[in-house]
Amino acid sequence: MVADVALRISDGTFSWFKDKPPCLQNINLEVKDKSLTAIVGMVGAGKSSLLAALIGDIYKHSGAVTVKVSIDL
């Protein structure tokens, strides 16, 4: 992982349940270290699913999730 990247999702496909269709597909996200990032969108756009993917709360069908920073829940 590049030193200045805190969070990264590479080609990620995720669903809330293993046997259900994906709610997020082909996600690529990179958040720089020490940056302020907002996740915005309409209701049902996948904001909560994206955050759940970052902390490992939903099933990952494919791709890679790398978290360099500590996430306090």
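In what order do the elements of the chain run from the N terminus on? The order is β-β-α-β, and the secondary structure comes to 1 helix and 3 strands. Helices (H or I, at least four residues) and strands (E, at least two) are DSSP runs, numbered from the N terminus. The model is predicted: local features need pLDDT of at least 70 and side-chain atom pairs count only at pLDDT 80 or more, while totals for chains, interfaces and linings use all residues. Residues are numbered from 1 along each chain as its sequence is written, and side-chain values use heavy atoms, with hydrogens and water left out.

The C-alpha trace of the chain spans about 35 × 25 × 25 Å along its principal axes. The radius of gyration of the chain is 12 Å, which agrees with the value near 11 Å that a compact globule of 73 residues would have. This radius is taken over C-alpha atoms, and the globule rule is 2.2 Å times the number of residues to the power 0.38. Of the 73 residues, 26% are buried, where buried means under 20% relative accessible area (1.4 Å probe, protein chains only). Contact means heavy atoms within 4.5 Å. Among contacts between residues at least 6 apart in sequence, 59% join residues at least 24 apart.

Helix α1 covers residues 47-55, and its buried residues are S49, L50, A52, A53 and L54. These buried residues pack against β1 (5-15), β2 (24-32) and β3 (59-67). S49 counts as buried because its relative accessible area is 9%. Leaving aside neighbours within four places in sequence, S49 is in contact with W16, C23, L24 and I58. Just after α1, G56 takes a positive phi of about 80°.

The largest nonpolar core has 12 residues: A6, L7, I9, F14, L24, I27, V31, L50, A52, A53, L54 and I58. Two or more residues of this core come from each of β1, β2 and α1. A nonpolar core is a set of buried Ala, Val, Leu, Ile, Met, Phe, Trp, Tyr and Cys residues joined through side-chain atoms within 4.5 Å. One of the core residues is I9. With neighbours within four places in sequence left aside, I9 is in contact with F14, I27, N28, L29, L50, L54, A64 and V65.

Technical notes. Buried < 20%, exposed > 50% of the residue type's maximum accessible area, 1.4 Å probe, protein only.
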